[in-house]
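This report describes a single chain together with its ligands. Please look over the sequence and the model before reading on.

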Amino acid sequence: MRFVVASLFTAILGLILATAFVTPASAQEAPNVGPKPPVVVKPMESHIGNITGHAAAAKSDYKRYCAGCHGNYGDSNGENAVWLDPKPRDFTIATFKCRSTLTGTLPTDEDLFKNIGRGFTNSNMPIWNTFTKQQRADLVAYIKIFSPRWEREKAGDPIKIPAEPPVTIDSIAHGKALFTKLECWKCHGSHGEGDGPSAATLTDSKDNPIRPYDFAAGKNDSRFKCGNTNEDLYKIFMTGLDGTPMPSFADVIQPNDAWDLVHFLRTLQVKRHSKENEVLSAAHGVIPPYVDKTPAPAAAPTDNKSPGGGN
Ligand code: HEC
Ligand code: HEC
């Protein structure tokens, strides 16, 4: 009996002590406790081919399959988010990495639809290929309820991509020259291994450290976050990965030159079977120096009419 009383006393004492220690912390967090406001499901839509997605229809799928990471309020504060690197996307700012549209603009519905189905390699974003197309279209509409940008702005126009020219050693050589000139190597490293001089210091727009893509790491099935075709690769550096230090180069690279850069980047994926790597082996693994064969512009004619001209 005395033993029971004693342990009861210890338990109570423990409880008092515990409360004493815990109180200050919980008092600080107090504003966050209590019922949270319900999520307002705005009547957003998405259009994927002839399918129309409706936000309201995705409510339970989002809660069950997405909220654990992206959060009920789409703010990337799901209960699992603390464990994740990179962090889940914050839908309240509507900044997306994989777009067919110019930097700073909203992605198309089709972009988001593909991104959900593809998943993000080198991250915890799963490949959602078990949903029907309708469910995925509904989820695309649901993502739009979290940011007012979707009510104010239209999606950007997809960039125009010319037909891919044949892979040649000259094309690869020109791509290499662009990789050097545009300083891709500063982040990605001269062999594309993600170890350039700036690599260690990079952070994303939420101040989380971020690593440049390592082209050499993947095996034959290596993918990018934004897809695995040559066209996807073209879009990545022409539109940029918004919210990350990976810039858009649409203003500085001519459309056809961009294909040369694509061809060179493929050779950095040393373990991947590709047309580019075949062409490179046929050239004994040597990329020749690039020689600019475009004729120099004709010298501007001298204007004899201007005052003092011709003297
Ligand atoms: C296990 C955690 C997890 C779950 C569950 C999850 N995601 Fe993600 N999601 C992520 C992470 C992490 C990223 C960021 C990946 C990156 O930046 O490389 C992301 C990114 C995204 C993006 C950003 C696309 C872009 O181009 O920037 C979309 C859209 C998205 N998720 C939708 C969804 C939807 C819809 C669901 C539910 C069907 C879902 N996610 C479930 C972790 C998750
Ligand atoms: C300021 C640093 C920086 C520069 C300069 C830079 N990149 Fe990146 N790049 C990054 C970072 C960081 C990532 C990873 C982004 C992520 O994981 O979300 C990346 C990712 C990539 C990816 C992979 C995207 C994917 O979907 O996984 C490609 C391809 C790429 N960069 C190509 C280039 C090319 C080509 C150039 C030059 C024309 C270039 N980068 C210049 C920082 C840079």
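## Basis and numbering

The model is predicted, and local features are reported at pLDDT of at least 70, side-chain atom pairs count only at pLDDT 80 or more, and totals for chains, interfaces and linings use all residues. Residues are numbered from 1 along each chain as its sequence is written, while chains are lettered from A and ligands numbered from 1 in the order in which they are written.

## Overall fold

The chain holds 10 helices and 2 strands, taken as DSSP runs numbered from the N terminus (H or I over at least four residues for helices, E over at least two for strands). Along the sequence they follow the pattern α-β-β-α-α-α-α-α-α-α-α-α.

Among contacts with a separation of 6 or more, 62% join residues 24 or more positions apart, a contact being two C-beta atoms, placed from the backbone, within 7 Å.

## Helices α3 and α4

The axes of α3 (residues 109–118) and α4 (residues 133–143) come within 9 Å and cross at roughly 115 degrees; axes are lines fitted to C-alpha atoms over the stretch in contact, with angles from 0 to 180 degrees between N-to-C directions. The two helices are therefore roughly perpendicular, the term for 65 to 115 degrees, with angles under 35 counted as roughly parallel, over 145 as roughly antiparallel and the rest as oblique.

In this pair, D109, L112, F113, I116 and G117 of α3 meet R136, A137, L139, V140 and I143 of α4.

## Ligand shells

Ligand 1 has 25 residues around it, of which C66, C69, F96, S123 and M125 come nearest; a residue is near if its C-beta atom, placed from the backbone, lies within 6 Å. Two or more residues each come from α2 (59–70), α3 and α4, and α2 gives the most, with 5 residues.

Ligand 2 is likewise surrounded by 25 residues, with C184, C187, F224, K225 and M246 the closest. Here α7 (185–188), α8 (230–239) and α9 (255–268) each supply at least two residues.

## A loop residue

Q254 lies in the loop between α8 and α9 and counts as exposed, with 10 C-beta neighbours inside 10 Å. Q254 and M238 are 16 residues apart in sequence, and their C-alpha atoms are 9.7 Å apart in space.

Note on methods:
A residue is buried if 20 or more other C-beta atoms lie within 10 Å of its own, exposed if 12 or fewer, and partly exposed in between; C-beta atoms are placed from the backbone.
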